[in-house]
Amino acid sequence: ARIVVLASGAGSLLYSLLDAARTDGYPAQIVAVGVDRVCAAQEHADVAGVSQFKVALRDYADRGEWDRALTEAVAKHEPDLIVTAGFMKILGTAFLERFGGRIINTHPALLPSFPGAHAVPDALAYGVKVTGSTVHLVDGGVDTGPILAQEPVPVLDDDDEAALHERIKVVERRLLVDVVAAVATRGVVSDGRKAVIPSDRT
Ligand code: GRF
């Protein structure tokens, strides 16, 4: 399967996908990396020799223009799947119309708990003992799409945000790579709320 990955930050999740895609037998290849700003994720794409593009909101008259430009930039690579890996923008209607049902996101909390851009500090502030990683399909909301996979991560008493986020990222990297491979191989059936990856009853 052809995958375009969208990122905005350190790109450690992108790195894990690039690493997995390099191994024989992984059922997907990263055909391009898209960013919305200058970020470390671009370096991972460079090192991996994967083409990349930047579509920054400030270069467009408004969010609608940006959304259409991003949609076109992604469509050029004819992806089967899009993965948002730390992409810090809400995808617009043009993008969702074009790629809806084929966009996979990862979120560093057990949705529906702690949606939004501050999931890790929110979980710490709340005092939960367990948080985790969620991989889900992207719909029109913020972190509200049908859930594909989740895995718990313990919160330790002396955790700060960095320690907890890194412990979550270790899980995320594996979970995202596994879910992308499963969806690439077996697709996903979702009836709006529930999403199921058909098990490979061979
Ligand atoms: C990940 O924790 C992801 O769940 C969240 O942003 C972080 C991205 O990390 N949305 P990186 O940029 O891939 O290192």
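Where is the place of serine 113? Serine 113 falls in the loop between S5 and H5. The model is predicted.

**The ligand site**

- Around the ligand are Gly9, Ala10, Gly11, Ser12, Leu13, Gly86, Thr106, His107, Pro108, His165, Lys169 and Glu172.
- By class, the shell around the ligand holds three nonpolar, seven polar and two charged residues.
- At least two shell residues come from each of helix H1 (12-22), strand S5 (103-107) and helix H6 (161-186).

**Polar atoms facing the ligand**

- Serine 12 places a polar side-chain atom 2.6 Å from an oxygen atom of the ligand.
- Lysine 169 also uses its side chain: one of its N or O atoms is 2.8 Å from a ligand oxygen atom.
- Threonine 106 takes part through its backbone, with an N or O atom 3.3 Å from an oxygen atom of the ligand.
- On its own the ligand has 370 Å² of accessible area, and the protein covers 90% of that.

**The loop between S5 and H5**

- Proline 112 belongs to the loop between S5 and H5.
- The peptide bond that runs from leucine 111 to proline 112 is cis, with omega near 10°.
- Most peptide bonds are trans.
- Serine 113 is in the loop between S5 and H5 as well.
- Serine 113 counts as partly exposed because its relative accessible area is 36%, which lies between the 20% and 50% limits.
- Serine 113 and arginine 22 are 91 residues apart along the chain, and their C-alpha atoms are separated by 34 Å.
- Phenylalanine 114 is another residue of the loop between S5 and H5.
- Phenylalanine 114 is not a glycine, yet its phi is positive, at about 55°.
- Phenylalanine 114 has a relative accessible area of 18%, so it is buried under the 20% limit.

**Helix H5**

- Proline 121 lies in helix H5, which spans residues 119-126.
- Proline 121 has a relative accessible area of 27%, so it is partly exposed.

- Aspartate 36 is in the loop between strand S2 (29-35) and helix H2 (41-48).
- Aspartate 36 is buried because its relative accessibility is 4%, under the 20% limit.
- The side chain of aspartate 36 makes a polar contact of 2.8 Å with the side chain of arginine 37.
- The side chain of lysine 89 makes a polar contact with the side chain of aspartate 36 at 2.9 Å.

**Aspartate 143**

- Aspartate 143 is found in the loop between strand S6 (130-137) and strand S7 (147-154).
- Aspartate 143 has a positive phi, near 60°, and is a residue other than glycine.
- Most residues other than glycine have a negative phi.
- Is aspartate 143 buried or exposed? With 16% relative accessibility, aspartate 143 counts as buried.

Terms used. Residues numbered from 1 in each chain as written. Predicted model: local features only at pLDDT ≥ 70, side-chain atom pairs only at ≥ 80, totals over all residues. Heavy atoms only, no water. Near = heavy atom within 4 Å. Polar contact = N/O pair within 3.5 Å; in protein donor to acceptor, adjacent residues only side chain to side chain. Areas by Shrake-Rupley, 256 points an atom, 1.4 Å probe, with all protein chains shown as cover. Helix = DSSP H or I, 4+ residues; strand = E, 2+ residues; numbered from the N terminus. Nonpolar A, V, L, I, M, F, W, Y, C, P; charged D, E, K, R; others polar. Buried < 20%, exposed > 50% of the residue type's maximum accessible area, 1.4 Å probe, protein only.
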